[in-house]
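Let's take a walk through this fold together, one neighbourhood at a time. Keep the viewer open and follow along.

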Amino acid sequence: MAEYILSIDQGTTSSRAIIFDHGGGIIATGQKEHEQILPKAGWVEHDATEIWLNVQEVIGLALSRAHLTRHDIAAVGITNQRETTVVWDRHTGEPVCNAIVWQDTRTQEIVDRLAADGGVDRFKPIVGLPLATYFSGTKLTWILENIEGARGRADAGDLLFGTTDCWVLWNLTGGAEGGVHVTDVTNASRTMFMDLETLEWRDDILEAFGVPRSMMPEIRSSSEVYGTAETSSLLRETPIAGILGDQQAATFGQAAFQSGESKNTYGTGCFLIFNTGEEIVHSKNGLLTTVGYKLGDAPTHYALEGSIAVAGSLIQWLRDQLGLISSAPEVEELADKVDDNGGVYIVPAFSGLFTPYWRPDARGAIVGLTRFANRNHIARAALEAVAFQTRDVLDAVNADADFELTELKVDGGMVANDALMQFQADILGVPVVRPVVTETTALGAAYAAGLAVGFWSGLDDLSANWQEDHRWEPTMVSDERDRQLRLWRKAVTKSMDWVDDDVR
């Protein structure tokens, strides 16, 4: 009998395959980074073909390290960087251009054009999202308008669109030889094209964006068998049975299944999701309304989300662009060498400001510099920027939900950083709780797949797997917290109104 679930986690900086046992424990992992392509300021791209090759490689790595074969795998789940847009030829499987990444801001002119009739909230009552460069819709429009021949090929029915879950699934199930062109409701809810109530593509919105319906994948639930791996795959004939966008997957992996439960994931970006149950709640404070999960034919669960564009990628920027550190863990070592930030605040608005501000005109700023400031203060300010942004989002959640969170469950790569987690508890004024298994994104996709094939019996089975690993209690006095927040919010204002007609 197959005793394990394999999860494919196609992320912003790398692709991973993780094998889980019935208790939610990690058996083996394979991981490989892919290139971050930055052709111009504000442009971020990935090579979709490289991503697919890496996915195949990490599957092999995970299986070999666990000394397992396909016969040991009950099902496969997929989770992915959301909004990142891939367009490819349905006959050859060749992408028409590099994937445009969720962080990319090149589509601001398309946003402005669409917003000229009804403002940035033109489609928000239907899709839950404001017009922004963040989502897939304008990225797809840009490709059709700017890649030579793309419009004609799309109109002829030769091109397919998908986020990276869809791209991986299509290739894994046969590609041009019968690949399944499907996405799940969570990813579909990040395109700007899906009606939150009907869970179907809106033809009128597709028409407004200039997108042919023939390009769109079928929308399915987050937990069902979509197809099986093709015969040439190491996983051949294994069912692919779960898909969740990465932040929804992390929420599912944290066992935050019920209304009022939440989590915050610290990855390339930072994302707080608050489960609103079967109710669609439209934010008045800059949050996004999104699908949380849908299990087969069961009712859809919705969520409010606060999206922060830059978190772990700020540390990556210190390493790769500035050369301030040589490895990510070094940032904590530098931050620990000083007692405070020395008056330095970093606002990492590399792609504008997301929740709760939604200011595409903002750009990154380092403020409060004096000759006293050194690299240690900058490292500390970078970590603190992640926590400050999370406080802004949590304030918006509390205002929308009329519900004060008493603790925050956290996950993602940055939760290994004790300095960040302690400052997060301090600036929130509530405990921060890390689970034993912090790879909750991959775990959530595994759970969705396992439920579909009976590997787990139900949500109670999954909740029993969750265990607390560490808890950080707030120690900062309220006057100091208020002072820090006042200075942070002043710093945020300094990042705004930077982009104009001749500055991108």
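Which residue takes a positive phi just after α14? That is G454, with a phi of about 80°. Before going further, note that this is a predicted model, where local features need pLDDT of at least 70, side-chain atom pairs count only at pLDDT 80 or more, and totals for chains, interfaces and linings use all residues. Residues are numbered from 1 along each chain as its sequence is written, and side-chain values use heavy atoms, with hydrogens and water left out.

Helix α14 itself covers residues 440–452. Helices (DSSP runs of H or I, at least four residues) and strands (runs of E, at least two) are numbered from the N terminus. From its first C-alpha to its last, α14 reaches 18 Å, close to the 18 Å expected at 1.5 Å a residue; the expected span is 1.5 Å times one less than the number of residues. Because 12 of its 13 residues are buried, α14 is largely enclosed by the rest of the structure. Buried means under 20% relative accessible area, exposed over 50%, and partly exposed in between, using a 1.4 Å probe and protein chains only. Among the buried residues of α14 are T440, L443, Y447 and L451.

Now look at α13, residues 418–428, which is mostly covered, with eight of its 11 residues buried. These include L420, F423, D426 and L428. The buried residues pack against several elements, including α12 (375–401), β20 (432–435) and α16 (478–495); contact here means heavy atoms within 4.5 Å. At the N-terminal end, N417 caps α13, with a side-chain oxygen 3.2 Å from the backbone nitrogen of A419. After α13 comes G429, whose phi is positive, near 80°.

Next, find the open sheet of six strands, which runs in the order β3-β2-β1-β5-β12-β11 with mixed pairing. Two strands pair if DSSP finds at least two bridges between them. β3 (26–33) and β11 (223–228) stand at the edges with a single partner strand each, so one side of each has no neighbour in the sheet. The twist averages 25° from one strand to the next. Within the sheet, β1 (residues 4–10) and β5 (residues 73–80) pair in the parallel sense over seven bridges, and Y4 has I73 as its bridge partner in β5.

Which residues touch the most other members of the largest nonpolar core? They are Y134, F193, F209, V211, M215 and Y266, in a core of 110 residues. Such a core is a set of buried Ala, Val, Leu, Ile, Met, Phe, Trp, Tyr and Cys residues joined through side-chain atoms within 4.5 Å. Its largest share, 13 residues, comes from α12. Leaving out residues up to four places away in sequence, M215 touches V87, L140, L144, A154, L159, L160, F161 and H181. A second, separate core has 36 residues, including C166 and L235.

Three of those contacts of M215, L159, L160 and F161, lead us to β8 (residues 159–162). In a regular strand the side chains alternate between the two faces of the sheet. Here L159 and F161 point one way and L160 and G162 the other, and all are buried. β8 pairs with β6 (residues 86–89) in the antiparallel sense over four bridges, where D89 has L159 as its bridge partner.

Terms used. Polar contact = N/O pair within 3.5 Å; in protein donor to acceptor, adjacent residues only side chain to side chain. Axes fitted to C-alpha atoms, helices over the stretch in contact; angles between N-to-C directions.
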